[in-house]
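Biologist: I would like a close look at one part of this model, followed by whatever else can be said about its surroundings. Please keep it plain.

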Amino acid sequence: MSDLLGSMYKNSSEAIFFVNSEGEILHMNPAAENILDLDVIEQMHKGEAVSICNSCAGYMSEEAMISCVNCFLRNTKEDFSSFQVYLNTRGKGLVPYAASFHVIDEKEGIRVFMLLNLTKQYRTQEMLYQTNMTKYVIKAQEDERKRISRELHDSVAQELLSSLVDLRVLKYMNADEVVLNKLQQTEASLTRLLDDIRRLAVELRPASLDDFGLEAAFRSHFKWLEKNYGLLIDFKAELSAARYSNEMETVVYRICQEAVLNALKYANTDEIQVRLFEEDRELQLIVQDAGSGFQMNTRDPKGTGLGLFGMRERAELVHGQLIILSEVGVGTTIHLRIPLSPNEGGDTE
C-alpha cells in the first residue's frame, strides 16, 4: 500500500504541498515543483524556509476574492476542504486551481495543500458559453427576422395592396389625361414597392420554411432566383422525412442561401447544382458550381471570407461538418453534413 501511495504522490497530476503552520513548504511532489519558480525550489533544497505565500494571489470565497487579510493558512474556523485559489506559476502567469487544505498532524500543525489546474475546465466552460451565446444570438436574430417578415407580409404589404386597389379604381373615374397619367405612374411605383416588400419579407424569413419545410422553401427561393437573375438551379431533394428540427432547417437553409448567393456574385456561372438528401444517418447538402472558384489557401477569399465564416459557425451549432472545396477555373463545392438524432429523418434500412 505504501508503494502505491508513493507512486500516486510522485506521478499525480495534482500538485501536493506539505506545509507547516506558518505556510512554509516542507515537501512537495513533482507536479508542485512545476508551479514554483526555479529559484524558490533552489532555496528550498538549500534548506531555506520557503512559503507558499510567495506564489499565492488570493482565493475565492462564496462572496468575493480573499487575500492575506483572511488567509486560509491561518483561518481555522472556515471549511477549506474545497475552494479555489490563484497562484502565480512558473511560465504560465496567474492560474486558477481547485484547492483542498487538510490538517494531517494537528499536534505538529502539518497540513497538506492539494491543487488541480482549472485552466482546461475554464476554457471548456468558456467555449460552451460562447457556443450557447452564439446559438442564442442566431435564434434571436431568426426570431426577429420572422417577426419583421410577418409584419411586412401581413400588415405593410396588405395595406399597400389595398391602396393600390383604390388607386386602380380611380382610373375608371372621370379624370383628364394628366391625372390619368399620374395615376398610372403612381400605380407602377406602388406595384414595384409591393414587389420589393414581398421580396424583403421572403429574404428575411420565408414563410414556406416555417410552414412547409426545407424542400418547399428551397423550390420557392430557387424559382425566384431563376425569375429575377436568370440563374439556373438544378435542385434535387431526396429526403426521407418531411420536417426536421427548426434549428436544423434554419441552418441548412441559411448555408444554402449563402452558398448560392456567393456563386451568383463571384463564380461567373449561370448554373448551380443543389442536392439535399439523407445518407448514413446524416442530413446532407451539396451546392456545386463550375465557375471561377478561388484559392483555398487564401486567408480571406475575395468577397467570401465573412460568408464562409458564418456558414462554418452555423454548421457547428447543430454539430455539423462543413467541407469547402474550390479550385480556380474549376469551381466550388460546399458540402454540409449534419448528424440526425434517432427520432429525426426517415427509415434508411
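Is S208 buried or exposed? Please take that residue up closely, then go on to the rest of the chain.

Modeller: The model is a predicted one, and what follows is computed from it. S208 is buried, because its relative accessible area is 16% and the cut-off for buried is under 20%. The residue sits in helix 6, which covers residues 207–211. Once neighbours within four places in sequence are set aside, S208 is in contact with G213, A216, A217 and S220.

For the setting, the protein has nine helices and 12 strands. Of its 349 residues, 38% are buried. Its accessible surface is about 21300 Å², and carbon and sulfur atoms account for 52% of that area. Among contacts between residues at least 6 apart in sequence, 60% join residues at least 24 apart.

Helix 7 spans 214–229 and is one of the helices that supply at least two residues each to the lining of the largest pocket; helix 4, helix 8 (246–266) and helix 9 (305–317) are also among them. The space in that pocket is about 560 Å³. It is lined by 23 residues, and those closest to the pocket centre are R145, R254, Q257, E258 and L261. With seven residues, helix 8 gives the most to the lining.

Helix 4 runs over residues 119–170 and holds K135. K135 is partly exposed, because its relative accessibility of 27% falls between the 20% limit for buried and the 50% limit for exposed. Leaving out residues up to four places away in sequence, K135 touches E247 and L317. K135 and E247 are 112 residues apart in sequence, while their C-alpha atoms are 9.3 Å apart in space.

V137 is found in helix 4 as well. V137 is partly exposed too, because its relative accessible area is 48% and exposed begins over 50%. Together with Y129, M133 and Y136, V137 makes a nonpolar surface patch of about 450 Å².

To return to the residue you asked about, S208 is buried at 16%, whereas K135 is partly exposed at 27% and V137 is partly exposed at 48%.

Terms used:
Residues are numbered from 1 along each chain as its sequence is written. This is a predicted model: local features need pLDDT of at least 70, side-chain atom pairs count only at pLDDT 80 or more; totals for chains, interfaces and linings use all residues. Side-chain values use heavy atoms; hydrogens and water are left out. Helices (H or I, at least four residues) and strands (E, at least two) are DSSP runs, numbered from the N terminus. Buried means under 20% relative accessible area, exposed over 50%, partly exposed in between (1.4 Å probe, protein chains only). Contact means heavy atoms within 4.5 Å. Patches are made of residues with over 30% relative accessible area and no salt bridge: like charges are joined within 9 Å, nonpolar side chains (Val, Leu, Ile, Met, Phe, Trp, Tyr) within 5 Å. Accessible areas come from the Shrake-Rupley method with a 1.4 Å probe; for residues, only the protein chains shown count as cover. A salt bridge is a side-chain nitrogen of Lys or Arg within 4 Å of a carboxyl oxygen of Asp or Glu. On a 1 Å grid over the protein atoms alone, a cavity is a set of points where a 1.4 Å probe fits but cannot get out, and a pocket is an open set with protein on both sides within 12 Å along at least five of seven lines; lining residues have an atom within 4 Å of a point. Grid points are joined across faces, edges and corners, and a volume is the space filled by probe spheres set on the points.
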